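Dear colleague,

I am passing on the model that we spoke about, and my notes on it follow below. Please keep the structure open while you read them.

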Amino acid sequence: MTSSIIGSGSVGAAIARQFARSGITVGIANTRGPESIASMARELGDKVVPLTLQAALEADVIVLAVPFRAHCDVARAAANWKGKVVIDATNAYGVPLSELDSLPSSAIVAKAFSGASLVKASIICPPRYSPSIPSAPVAVE
Ligand SMILES: NC(=O)c1ccc[n+]([C@@H]2O[C@H](COP(=O)([O-])OP(=O)(O)OC[C@H]3O[C@@H](n4cnc5c(N)ncnc54)[C@H](OP(=O)(O)O)[C@@H]3O)[C@@H](O)[C@H]2O)c1
């Protein structure tokens, strides 16, 4: 099974670091091309492989770490999502509910990636950052 992260910003890089720590190979892509990720990947070791978007989309498991509105562009970049697992790490913070048809943002993402199995991921906030919430759940749909 192969995995890729789409998005190499703070979230994509943090997820890539966890793959590297676990010794699992992962591709990573952004809009600017593999050269723009090369130094970050080198720092993390040979498990993190910079790819073009098209090459990254060939993976079985795709982690979506792009701004919420960019999910449509990523969805359109592949002809078919059948059989893929898409892990949605996006956050629709600031997107008006009217734009979401009052649905959970993951439902909008699932529609765009029709045919894929969608997993909604949330980054766990350690208690020291949020004392009133002992641990935030990871939601799976
Ligand atoms: N689930 C959670 O708990 C949680 C927590 C924090 C943030 N988030 C969400 O995680 C997502 C990423 O946040 P971030 O802070 O990492 O954002 P960021 O630093 O702005 O990085 C976004 C990345 O997405 C890439 N990108 C944008 N459009 C793309 C496209 N069409 N195709 C391929 N790559 C594209 C950008 O490429 P370039 O580098 O080439 O510009 C960039 O690498 C956001 O949706 C944010 O709201 C989730």
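Helices (H or I, at least four residues) and strands (E, at least two residues) are taken here as DSSP runs, numbered from the N terminus. On that basis the secondary structure of the chain comes to 5 helices and 6 strands, and along the sequence these follow the pattern β-α-β-α-β-α-β-α-β-α-β.

Before the details, please note that this is a predicted model, in which local features need a pLDDT of at least 70 and side-chain atom pairs count only at pLDDT 80 or more, while totals for chains, interfaces and linings use all residues. Residues are numbered from 1 along each chain as its sequence is written.

Confidence

The pLDDT, which is the predictor's confidence in each residue on a scale from 0 to 100, averages 89 over the chain, and 87% of the residues score at least 70. Over residues 129–141, however, the pLDDT is below 50, although this stretch has 19 contacts in the model beyond near neighbours in sequence; two residues are in contact if their C-beta atoms, placed from the backbone, lie within 7 Å. Where pLDDT is low, the predicted coordinates should not be read in detail.

The core

I call a residue buried if 20 or more other C-beta atoms lie within 10 Å of its own, exposed if 12 or fewer do, and partly exposed in between, with the C-beta atoms placed from the backbone. Buried residues make up 27% of the 141 residues in the chain. A nonpolar core is a set of buried Ala, Val, Leu, Ile, Met, Phe, Trp, Tyr and Cys residues joined through C-beta atoms within 7 Å, and the largest one here has 27 residues, with Ile-5, Ile-6, Ile-28, Val-63, Leu-64 and Ala-65 having the most contacts inside it. At least two residues of this core come from each of β1 (3–6), α1 (10–21), β2 (26–29) and β4 (61–64). Ile-6, leaving aside its neighbours within four places in sequence, is in contact with a set of residues that includes Ala-29, Leu-53, Ile-62, Leu-64 and Val-74.

Val-66 is placed in the loop between β4 and α4 (71–76), and it counts as buried because it has 23 C-beta neighbours inside 10 Å. Not counting residues up to four places away in sequence, Val-66 touches Ile-6, Gly-7, His-71, Val-74 and Thr-90.

The strands

Strands are taken to pair if DSSP finds at least two bridges between them. β1 and β4 run parallel and are joined by 4 bridges, with Ser-4 standing opposite Ile-62 in β4. β4 and β5 (85–88) also run parallel, joined by 4 bridges, and here Val-63 has Ile-87 as its bridge partner, while Leu-64 has Asp-88. In a regular strand the side chains alternate between the two faces of the sheet.

α1 has 12 residues and reaches 17 Å from its first C-alpha to its last, close to the expected 16 Å, the expected span being 1.5 Å times one less than the number of residues. Its residues Val-11, Gly-12, Ile-15 and Ala-16 are buried. Seen down the axis of α1, the buried residues fall within an arc of 135 degrees (taken over the directions from the helix axis to the C-beta atoms), so they line one face of the helix. The face turned away from the buried side of α1 carries the exposed residues Ser-10 and Arg-21. Among the elements that cover the buried residues of α1 are β1, β2 and β4.

Just after α1, Gly-23 takes a positive phi of about 75 degrees; Gly-23 counts as exposed, with 8 C-beta neighbours inside 10 Å.

Most residues other than glycine have a negative phi, and most peptide bonds are trans. Asp-101, in the loop between β5 and α5 (105–112), has a positive phi of about 55 degrees although it is not a glycine. Ser-102, which lies in the loop between β5 and α5, has a positive phi of about 60 degrees and is not a glycine either. Asp-101 counts as exposed, with 9 C-beta neighbours inside 10 Å, and Ser-102 is exposed, with 8 other C-beta atoms within 10 Å.

With best wishes
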